[in-house]
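Biologist: Could you take a close look at the interface here and walk me through it, cut-offs included?

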Amino acid sequence: MRMLLVEDDAEVARFVKKGLQEAGHTVEHATNGRDGLFLAASEQFDMLVLDRMLPGGVDGVRLVETLRSQGNRTPVLFLSALSAVDERVKGLKAGGDDYLTKPFAFAELLARVEALGRRPSVDAPATKLRVADLELDLLSRTVTRNAKRIDVQPREFRLLEHLMRHAGQVVTRTMLLEKVWDYHFDPQTNVIDVHVSRLRQKLDKGFDKPLIHTVRNAGYMIRAEP
Amino acid sequence: MAPSLSLGPPRLLKSAGFRFALLFAAMFASAAIALVAVLWWATAGALDRQTDAAVRADAIALAERWREAGATGLAEAIEERLAVDVENEAIYLLTEAEGGRRLAGNLDRWPAVPAEEGAWFRTRVLHDGFAAEARLHRLELPGLRLLVGRDESEREQLRRLLTEGVFWASGAVVLFALMGAWLLRHALQARMRPVFATTAAIAGGNLGSRVALSGRGDEFDRLAQTLNTMLERIGTLMEGVRGVSDAIAHDLRTPIARARAKLEDALSEAPDEPALRATVEQGIADLDAISRIFQALLRIAEAEAGARRAAFAPLDLSLVLADAAEIYEVAAEARGQHFATDLPPQLELVGDRDLLLQAVVNLLDNAIKFTPPGGTVQLSARRVAKGIEILVADDGPGLAPDDRSHAGERFFRADKARATPGSGLGLSLVQAVAHLHAGELRLEDAVAGRTPPGLRVVLLLPSP
């Protein structure tokens with residue numbers, strides 16, 4: 001993907017840019033809001049990664065508002081040291097698609113960027129999701145593996161659905177909390193791991209090929225290949 | 001330049017009390033002047049008008065007499081009147097117009113009358129050998145000049161007495177007004193003194209100082225109460241800020257120092273790359289833990305400052321609790337504990353959904369941490385008269401009564417809890433969330449008398 005990173009802190013910018021490039025993306029970098037807005041408006045990007053507070057009179061929120069008012073729909077991920085909930089709400093209201101609080105693990109940023117960049121297309125909503133021999137039917141809300149029915153609870157179904165919609169991509173624990181449970185909170189312990197391992201047990205029991213993989217220091221990924 | 005805070009009484013003219021008093025003194029004096037004016041008009045004025053009326057009547061009667069009996073008759077009438085005037089107040093003079101020969105009367109000669117005076121005038125005359133103030137009326141008859149009047153010496157005396165009285169009374173009014181002003185100013189200052197003393201003490205750094213109330217329940221007491229309420233609120237906020245800075249100083253520095261030491265150590269001592277890598281990973285984990293403590297502190301501070309009340313929305317607490325139960329049930333089961341819930345189908349509440357969930361999650365996390373395998377963790381909620389109660393009970397060691405009052409303090413950890421991982425911030429946040437929702441947090445034995453008693457945390461949230 002071709003990305004624009006607008007970040008004034010040189011160290012954070014270098015770290016993010018290097019990481020994204022290593023993951024195979026092209027990254028343009030602007031150090032202030034005005035340059036960022038100019039670049040974002042005049043060139044084509046697949047994704048914008050914006051710091052919330054920027055020098056140059058145009059902060060992240062203003063930048064997105066301006067872009068959106070011009071009809072620009074490029075996905076936007078906010079990076080911010082402002083963690084307060086209303087700050088996050090402000091960022092999303094302005095037209096941001098996701099919000100990540102500093103300090104963050106690069107794996108978290110990468111997972112979110114990739115999830116945003118490869119959003120399922122809205123034109124043809126799928127009724128079935130498939131990974132290898134695992135099939136999830138969104139209409140009948142059933143899960144089958146190798147044509148064998150697997151009983152899952154409603155929340156497990158949503159968890160699996162989210163993983164399968166991002167098959168081949170890393171999904172972090174906070175992403176699962178936000179998307180599957182719809183809360184912003186600190187779970188204190190590894191409860192998400194417990195939920196995932198339960199689901200994994202149900203799916204992989206009796207099959208030799210595991211589908212849900214743990215990605216060290218990052219999160220989980222569902223994919224056919226080990 | 002900072003405004004100077006002088007504690008001495010303000011200078012006289014700047015004193016609000018004095019200015020109030022002066023205003024009232026002025027009103028008092030105006031009333032007194034009006035009173036005196038009315039008095040004057042009613043006494044001295046009435047006497048003057050009476051005299052004038054008598055003189056006019058006399059003059060008309062004499063003119064009548066002249067018309068009937070001519071100059072001789074007039075002279076006789078005058079002599080008759082003088083003869084019966086026992087008070088010796090009447091003044092008459094009849095002269096010829098030409099030559100000025102005196103025909104009758106008790107004045108020796110025509111008084112010197114200023115030309116500009118009209119028919120009525122007041123002047124000094126020589127009456128019975130004494131100089132006297134007289135009120136006179138001049139009448140021109142064909143060939144004759146008649147002067148009718150009254151000796152006003154006694155009236156004059158009365159008028160003087162009245163003037164003197166008014167003068168002294170005015171002095172007394174001014175004196176009383178000034179004394180009143182002085183007293184009022186002192187009374188005001190005395191009532192304001194506690195406020196000055198308190199604000200000065202607070203400016204001096206003693207934030208615990210409060211304005212003393214007089215108990216009279218008047219405007220000053222209300223002002224003092226308002227001030228005290230404000231100070232209470234500022235105190236709470238200051239406490240929060242201080243709490244955060246204490247926490248930063250103490251509980252963030254320590255883990256930072258630890259992480260730093262580990263990294264520095266690894267830099268010089270690590271035998272090989274895998275060891276160095278492991279230490280760096282540990283360092284990152286340490287930093288993440290520090291970030292989480294920081295995040296928790298900020299959440300607590302936000303909740304305590306009431307800054308998040310803007311995010312309040314109507315919600316069904318039952319759903320939030322069910323979600324919390326769903327998330328944590330697996331954690332309890334993974335540790336071999338039983339997890340029991342008892343939730344009513346619907347609990348309407350206005351609040352902050354994320355913070356309420358965080359509070360319940362913190363309680364559940366504690367309960368799960370302190371309950372041994374085989375024990376039970378219970379989450380229940382119920383409607384009570386005051387609102388909604390959320391109850392989280394465990395089979396853990398419980399909390400000693402002495403420790404309960406400290407449980408909501410940041411970083412407090414009971415002695416029995418030291419071996420269990422945790423930051424000591426969980427209950428602080430619950431308490432802050434309770435306060436934010438105008439509720440309260442109560443800690444009690446889950447089963448009184450049992451050993452160990454277990455802990456039950458009751459979060460009471462008022463609901464409309």
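Modeller: Here's the interface, first as a whole and then from one side. Bear in mind that this is a predicted model, where local features need pLDDT of at least 70 and side-chain atom pairs count only at pLDDT 80 or more, while totals for chains, interfaces and linings use all residues. As for bookkeeping, residues are numbered from 1 along each chain as its sequence is written, chains are lettered from A and ligands numbered from 1 in the order in which they are written, and side-chain values use heavy atoms, with hydrogens and water left out.

Counting contacts (heavy atoms within 4.5 Å), 25 residues of chain B meet 20 residues of chain A. Together the two chains bury about 2200 Å², with 47% of that on carbon and sulfur atoms; buried area here is the accessible area (1.4 Å probe) that two parts lose on being put together, summed over both.

Now the charges: the rule picks out six salt bridges across the interface of chain B and chain A, each being a side-chain nitrogen of Lys or Arg within 4 Å of a carboxyl oxygen of Asp or Glu. One of them pairs Arg216(A) with Glu281(B), whose closest N and O atoms sit 2.9 Å apart.

On chain B's side, the elements giving two or more residues are helices H4 (273–304), H5 (317–334) and H6 (353–370), helices being DSSP runs of H or I with at least four residues, numbered from the N terminus. H5(B) gives the most, with 10 residues.
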